[in-house]
Amino acid sequence: MTIHLSQPARQRRRFALALAGAACAGSALLAPLTAQAQAWPTKPIRVVVNFPPGGAADQLARVVGQPLSEALGQPVVVENRGGANGNIGGEVVARAPADGYTLLMSSGGMVSVNPHLYEKMPFDPAKDLVPVAAAARVLVYLVIRPELPPKNIQEFIAYLKARPGKLSYGSPGVGSSPHLAGEMFKSQTGTFATHVPYRGAAPALQDLLAGQIDYYFDPGIALQQVKAGKLRLLAVGSPQRSPLFPDVPTLAEAGLKGFDADTVFGFYAPAGTPAPVIARLNTEINKALALPMVKDRIQQLGGEAAPGTPAAFHDRAMADSTRFGAIIKERGIKAD
């Protein structure tokens, strides 16, 4: 018997056949990716930190790397490739094979700040890297040498105003969140101090302890020195007070309206890394961030664990790009 279909029925049948064919083709295309994700990882994973040892990015990579290694059954090897405000390490990862075996741990500034600083970058972070998982929201803390007379933030602002250009502050580099915090601080307080950029947070902290610079917007690595009385903490450059120092005011509370210099550190991969691999990494990193020992270590650094999706990490970076881009333009900040 021959069945004659109406025109709409024939169209529906062709559409159904087309969908079935597309599904088969899609399954064929996804099969190698799925197989690759199931086999992955079969060798050590390299995490490139684009700042020197001792800074927030370095410590976060190591504290998350340990449980990540246990979950994946492969060593996670941390490699520091600092320089050029993170661009050197970023380029290493951007040019690496997109196979899930090379990751980048970086501050969000790689995507949200550097494109505003450099007229030309050796790679395009928005195109050559993909977000994997946020690790932590890192707060910044205004710390000063204890030899300086001010005992609170109001006294410190007055002290700076009375001595324009006579004090200096350090940062991990031009365009880093501590540098931008320093520029926002000067802009809102009408003060002037000399910026001294370093190649990483740890060298800046060392010079602050040695008395070579006067103050510093610290991304958390100086808090043990604060507790030991070797530095004085005056304020937090974040929207909320730190749970570690609940009695220390925020700069917003001190009259600097809307002051927020927080940044989110996290993991990136080369563009083209298989989506199933990204999903597995995101899942395992989020599990690691939920571990008490990891959460406690991040809190000791003065930050907060920030689990979430790759999309949420990307959205935060874009919001930071708008916020930090405005202060970079206002202050005329350019990379060296």
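Helix H11 (residues 275-289) comprises 15 residues and spans 21 Å from its first C-alpha to its last, close to the 21 Å expected at 1.5 Å a residue. The model is predicted. Within H11, the buried residues include the nonpolar Val-277, Ile-278, Leu-281, Ile-285, Ala-288 and Leu-289. Asn-282, Glu-284 and Asn-286 of H11 are likewise buried.

An open sheet is formed by 5 strands in the order E7-E6-E8-E5-E9, with mixed pairing. Strands of a sheet pair through backbone hydrogen bonds, in either a parallel or an antiparallel manner. Strand E5 (residues 141-144) and E9 run antiparallel and are joined by 4 bridges. Among the residues involved, Ile-144 has Arg-232 in E9 as its bridge partner.

Two packed helices are described by the angle and the distance between their axes. For helix H8 (residues 177-189) and helix H13 (residues 310-331), the axes come within 10 Å and cross at roughly 60°. The crossing of H8 and H13 is left-handed. On the H8 side, Leu-180, Glu-183, Met-184, Lys-186 and Ser-187 take part in the contact, meeting Phe-324, Ile-327, Ile-328, Glu-330 and Arg-331 of H13. The residues of this contact comprise 5 nonpolar, 1 polar and 4 charged.

Key
Residues numbered from 1 in each chain as written. Predicted model: local features only at pLDDT ≥ 70, side-chain atom pairs only at ≥ 80, totals over all residues. Heavy atoms only, no water. Axes fitted to C-alpha atoms, helices over the stretch in contact; angles between N-to-C directions. Helix = DSSP H or I, 4+ residues; strand = E, 2+ residues; numbered from the N terminus. Left-handed = near helix turned anticlockwise from the far one by under 90°. Contact = heavy atoms within 4.5 Å. Expected span 1.5 Å × (residues − 1). Buried < 20%, exposed > 50% of the residue type's maximum accessible area, 1.4 Å probe, protein only. Pairing = 2+ DSSP bridges.
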